[in-house]
Amino acid sequence: MVLCLISSSSIFTLQPGRSRCLPKCMGVQNNGRYLMKEGDVTRHKIIPSARVDTVGLEVFVVSDLHTEYSENMEWVKGLPSKGKKKDVLLVAGDVAETYEKFVLTMSFLKDSFEHVFFVPGNHDLWLRREKENFVDSLQKLDKMLDACQTLGVETNPSVIDGLAIIPLFSWYHESFDREKDITGIRIPSLELACKDFRACKWPDGLINGDNSLAAHFDAMNDKNQDTVQEMLARCNQIISFSHFVPRLELCPEKRMLFYPNLPKMIGSDFLEARIRYIHGARGSTKACHIFGHTHFCWDVQLDGIRYVQAPLAYPRERKRRMNGGEDWLPFCIYSNSKLTESMSPCYWSDYYASNPRTPDVTELAPWVARFYGKL
Ligand SMILES: [Fe+2]
């Protein structure tokens with residue numbers, strides 16, 4: 001499942017299929033719109049390059065750990081412990097639904113990596129299973145950030161061996177989605193589809209559904225403005241990261257999604273503005289932003305910035321996707337003093353490398369049409 005949707009099944013999402021083959025639904029040609037080139041189909045398993053012999057600092061990334069799933073917690077526990085190696089893990093949100101599991105997960109990760117950075121995701125701020133009596137989700141966030149400080153987990157920008165790492169707080173807003181809506185099928189409302197509306201609780205003035213939460217979380221980055229300015233002046237290489245999605249192009253188009261309104265609850269324009277402030281309007285060969293939330297593996301260059309998502313995701317999603325399954329490890333984004341090669345395969349970013357984005361086309365993809373009883 002991509003988000004926190006109605007059902008615990010993955011019916012609203014489309015994830016890459018089993019290794020070395022396209023999902024059957026993608027093999028169906030529909031006026032050429034969904035067909036990938038033959039060359040794109042032959043894929044190699046992701047080699048996340050964890051703990052390979054390299055010199056100097058290595059930076060690994062992962063998002064959407066969801067350790068309320070025992071399989072995912074076992075995965076975290078099974079990560080190799082650090083030896084003498086200096087390495088960094090960027091955790092791009094959605095670690096666990098409860099504070100207790102969050103603390104446990106982060107302490108395991110801190111055992112495995114010398115430096116761990118974290119930004120919160122929506123699931124981290126859910127209250128529905130909390131034994132603790134949090135007044136609201138922001139109070140829970142404060143307590144999580146305190147726990148990070150105690151554990152030695154970084155939540156503020158920091159420079160390690162000349163590499164600047166900048167965590168960015170964010171939240172989604174509906175107006176992020178500017179593409180044509182799908183009509184003619186009964187799509188559940190956002191309030192029904194997204195559990196955040198019920199599982200989070202906000203103080204007066206903050207509402208899921210307008211821009212207030214996105215603006216609030218974005219403003220949390222202001223306190224680091226001077227630090228970021230200083231980093232921009234003295235660091236050649238900068239990696240920023242967030243939980244939410246900074247650009248619409250980092251999500252499949254609506255007609256291909258089981259929940260076509262997904263783009264309304266994934267991203268933030270405030271976030272992209274922050275990223276451009278950091279990396280420049282035109283980016284550079286060294287500009288990189290890591291994100292999470294949608295559980296789609298992604299690795300693409302857009303307007304001079306490399307955007308990467310490497311989610312652990314739910315156990316059932318890992319079984320289905322072609323790149324890694326249970327062998328999945330954090331993806332190495334930086335080693336030998338430079339960004340690493342592109343993650344491969346990344347189903348949807350590979351697809352868009354060969355196919356233009358045509359959001360004005362609203363004819364449903366065959367698998368979506370079938371799901372809504374239109375085939
Ligand atoms: Fe999320």
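Is strand S9 (residues 305-309) largely enclosed by the rest of the structure or exposed, and how many of its residues are buried? In this predicted model, local features need pLDDT of at least 70 and side-chain atom pairs count only at pLDDT 80 or more, while totals for chains, interfaces and linings use all residues. Residues are numbered from 1 along each chain as its sequence is written.

The answer for S9 is that 5 of the 5 residues are buried, so the strand is largely enclosed by the rest of the structure. Buried here means that 20 or more other C-beta atoms, placed from the backbone, lie within 10 Å of the residue's own. Ile305, Tyr307 and Gln309 cover one face, and Arg306 and Val308 the other. Strands (E, at least two residues) are DSSP runs, as are helices (H or I, at least four), numbered from the N terminus. Strands pair if DSSP finds at least two bridges between them. S9 pairs in the parallel sense with S7 (residues 287-291) over 4 bridges, and Phe291 has Gln309 as its bridge partner. With S8 (residues 298-302), S9 runs antiparallel, joined by 5 bridges; here Gln309 is the partner of Trp298. The hairpin of S8 and S9 has 2 residues between the strands, and Asp303 takes a positive phi near 45°.

Now for confidence. The predictor's confidence in each residue, pLDDT, runs from 0 to 100. The protein chain averages 86, with 83% of the residues scoring at least 70. Over residues 1-51, however, pLDDT stays under 50. Where pLDDT is low, the predicted coordinates should not be read in detail.

Methods
Contact = placed C-beta atoms within 7 Å. Buried ≥ 20, exposed ≤ 12 C-beta atoms within 10 Å, placed from the backbone.
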